[in-house]
Amino acid sequence: MSKPFDGLERRSVDERAVALAEELPRQIAAAKALAGYANSLAKVDPAKITDAGALAGLPVLRKSELGGKQTVDEPFGGFTTRPAHGFDHVFQSPGPLYEPGMTSQDWWRLGRFLHAAGIGKGDIVQNCFGYHLTPAGTMFENGARAVGAAVLPAGTGQTDLQVRAAVDVGTTAYAGTPDFLKVILDRAEEMGEALKLSRAVVSGGALFPSLRQEYADRGIATLQCYATADLGNIAYESEAMEGMIVDEGVIVEIVTPGTGDPVGPGEVGEVLVTTLNPDYPLIRFATGDMSAWLPGESPCGRTNARIKGWMGRADQTAKVKGMFVRPEQVAQLVARHSHVHKARVIISRENEMDAMHVQIEADGGDWTEYGEDVKDLLKLKASIEVLAPGELPKDGIVIEDRRVYD
C-alpha cells in the first residue's frame, strides 16, 4: 500500500459524501451565474444538488455546445468564472475549441496520478506531450511540479534529439502517448544508447496490454490515466492496476448514451463528468467515452470509486496518437472536392503503433491529390487510397476503428 498523495484519497464513503454535500451546491451556484448556463440551469436550486444522484436531473452538456457558444467576446463560451485574460494560458484544440489553463498548484490534478505512478522528488520527467497550442504538455508539466519532479519539456517528434537529451540529462520517467515511448526506446537501441527510464505515465490513447508488457520487459513500469483538456484528470491507474480510480476533484456518472440516465452496475455507458474546479465549473459534461463501474475498492488503499477504463466511444470519434479524429473532419475532407462522394478513415495497429488509412471514393484522381488536405484536416499523417464510386460500403461508417483493446 503506497503513501497517499493527500488525505482525500483514503476518505470513507461517509466522509466523501459530507464533503460533496458542501462542495457541489457551491459549484452548481457558480455555474448557474455564468452566461453559458443561462438557460440550462435557470430553474435549478443549487441547494438541492448535494450528491451524484441529484445531478441526474440536470441537462447534459456536450462539447459541441461549448464550441457553439465560443465567440471573440467569450472565447470560453461563458463557462468560466474568469475572463480569458484572467487565466495563465489559453489553448486551442481541434475544432477549433478553446480551453483555459492555470499554472497554479496542480490545476489539472495530474499530480495525483504521477504520485500514484511513483514519480516525485529526484525524478526528471521527459515530457513528450505537445506544448504547441494544445494543453497536454502543460498539463503534465503542472502535475510533475506538484510532486516535486523536474521536467525536460521534450514535446513531440525529433526522435534522435529525444534520445540524446534522455541520455545527457538522465531522465528517469516518461510522460506522453503510449506509442511514442516505443519509438524513443527503439531508436535508443539503434544508436547504442542506454536510457535510465524506469517509469512511464501515459494518456491520449489506449495502452494495449502487449505494449505495457513490452515496456515492463524493458524495465519500465507504465501506468495510464484518463484525462481531457476540459476536465483535467478524471481517473487514473495505481500500482494495483485494477481499473481506474476516480479523481477526487470530479464526480463521474455513467449513463445510457443520449439519455443521461444512469446505467446499472457493470453496464457499459457514456461517461459524464462534473468538475469541482472553481475556475471552470463544467456540469454533467459528456466525454463521448464509454466505460463501466468496477465494484469495490482498489487494493492499493485508495477508496474512491473505480471505472473499468476506456471502453470505446459513444459516437464514431476515435483517438489516434493522442489526437481526436471526428466524423465532421471527414465530412470537411469530402466537402473540399466536388468530385469526392464519401470517405472513410480506418485506424489499426502496426508494430505496436497507431496507423491511419484514408479511403476516398471519387470520380478519378490519385492519392497525391488529397495528401495535404488529409494532413490539414485530420492533423495526422495517413496512407491514402482512392476508390471508384460505389466501392465504399453503404453502412454509415466514416471512422472504422480496427484496433483490439483486450
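Leaving aside its neighbours within four places in sequence, which residues is N142 in contact with? Please also describe the setting of the residue.

Modeller: The model is a predicted one. Once the neighbours within four places in sequence are set aside, N142 is in contact with M102, T103, S104, Q105, D106, W107 and W108. For one of these residues, T103, a distance can be given: a polar atom of the N142 side chain lies 3.5 Å from the backbone oxygen of T103. N142 itself belongs to helix 5, which covers residues 136-146. The relative accessible area of N142 is 7%, and because buried means under 20%, N142 is classed as buried.

The contact between them draws on 14 residues from domain 1 and 11 residues from domain 2.

One salt bridge is counted between the two domains. A salt bridge joins the side chains of R349 and D179, at 2.9 Å from N to O. On the side of domain 1 that touches domain 2, helix 7 (178-191) and helix 8 (209-217) each provide at least two residues. That side of domain 1 comprises five nonpolar, four polar and five charged residues.

Notes
Residues numbered from 1 in each chain as written. Predicted model: local features only at pLDDT ≥ 70, side-chain atom pairs only at ≥ 80, totals over all residues. Heavy atoms only, no water. Contact = heavy atoms within 4.5 Å. Salt bridge = Lys/Arg side-chain N within 4 Å of Asp/Glu carboxyl O. Helix = DSSP H or I, 4+ residues; strand = E, 2+ residues; numbered from the N terminus. Nonpolar A, V, L, I, M, F, W, Y, C, P; charged D, E, K, R; others polar. Buried < 20%, exposed > 50% of the residue type's maximum accessible area, 1.4 Å probe, protein only. Polar contact = N/O pair within 3.5 Å; in protein donor to acceptor, adjacent residues only side chain to side chain.
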